[in-house]
Structures are given as C-alpha cells and as structure tokens.
Amino acid sequence: MSKYKVEIGGFVSTYRQRNIIVYADNEAEAEEKAIDKFIEMQQEKVGNICNEARADSIEEL
C-alpha cells in the first residue's frame with residue numbers, strides 16, 4: 001500500500017480545494033478515497049452540501 005497526496009476540488013457554495021493524504025493500493029483508489037473524504041469534510045465541518053468533486057492532481061509520496 002502506498003501513500004498518495006491528492007488535490008481535490010468541488011463546488012460547495014463556492015469552489016473549495018484541499019490537499020488530502022490517503023493510503024491506497026493505486027492512483028484510482030487514492031482518487032476515490034480522497035473524493036469521499038473531501039465530501040465528508042465539507043458536509044461535517046463546513047455544513048455545506050457537496051455531492052461531487054474531482055481530483056486535480058495525484059502524487060505518490
């Protein structure tokens with residue numbers, strides 16, 4: 001399992017972008033995990049509804 005840094009962005013009430021660190025077996029899994037984590041963070045911490053996001057970059061660390 002490798003460590004990946006994924007830059008994620010999505011529209012909430014405004015465009016939000018975060019760098020998220022996840023552990024995954026490959027880039028596709030890292031992207032999926034980071035998107036899920038980003039959406040969860042936006043809904044829990046900020047209270048905004050975010051249904052979709054996209055990975056702008058993925059870097060293996």
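Contacts between residues 24 or more positions apart make up 48% of the contacts in the protein chain that have a separation of 6 or more, where a contact means heavy atoms within 4.5 Å. The structure is a predicted model, in which local features need pLDDT of at least 70 and side-chain atom pairs count only at pLDDT 80 or more, while totals for chains, interfaces and linings use all residues. Residues are numbered from 1 along each chain as its sequence is written, and side-chain values use heavy atoms, with hydrogens and water left out.

The overall dimensions come next. Because a compact globule with 61 residues would have a radius of gyration near 10 Å, the 11 Å of the protein chain agrees with that expectation; the radius is taken over C-alpha atoms, and the globule rule is 2.2 Å times the number of residues to the power 0.38. Along the principal axes, the C-alpha atoms fill a box of roughly 35 × 20 × 15 Å. Of the 61 residues, 30% count as buried (buried is under 20% relative accessible area, exposed is over 50%, and partly exposed lies in between, with a 1.4 Å probe and protein chains only).

The three strands form an open sheet in the order E2-E1-E3, with antiparallel pairing. E2 and E3 are the edge strands, each pairing on one side only, and the twist averages 20 degrees from one strand to the next. For such angles, axes are lines fitted to C-alpha atoms, for helices over the stretch in contact, and values run from 0 to 180 degrees between N-to-C directions.

Strands of a sheet pair through backbone hydrogen bonds, either parallel or antiparallel. Two strands count as paired if DSSP finds at least two bridges between them. E1 and E2 are antiparallel and share 10 bridges; along this pair, Ile-8 stands opposite Arg-18 in E2, and Phe-11 stands opposite Tyr-15 in E2. E1 is also joined to strand E3 (residues 54-60) by six bridges, again antiparallel, with Glu-7 opposite Ser-57 in E3.

A nonpolar core is a set of buried Ala, Val, Leu, Ile, Met, Phe, Trp, Tyr and Cys residues joined through side-chain atoms within 4.5 Å. The largest one has 13 residues, and Val-6, Ile-8, Val-22 and Phe-38 touch the most other members. Strand E1 (2-11), strand E2 (15-24) and helix H1 (27-46) each supply at least two residues of this core, and H1 gives the largest share, five residues. Leaving aside residues up to four places away in sequence, Val-22 touches Ser-2, Lys-3, Tyr-4, Val-6, Ala-30, Lys-33 and Ala-34.

Side chains of opposite charge can pair when their charged atoms come close. A salt bridge is a side-chain nitrogen of Lys or Arg within 4 Å of a carboxyl oxygen of Asp or Glu, and there are two by this rule. One joins Glu-29 and Lys-33 (3.3 Å, N to O). Both residues lie in helix H1, four residues apart, about one turn of the helix. Glu-29 counts as partly exposed because its relative accessibility is 23%, and Lys-33 is partly exposed at 33%. The other joins Asp-56 and Arg-54 (2.7 Å, N to O). Asp-56 is partly exposed, with a relative accessible area of 33%, whereas Arg-54, at 53%, counts as exposed.
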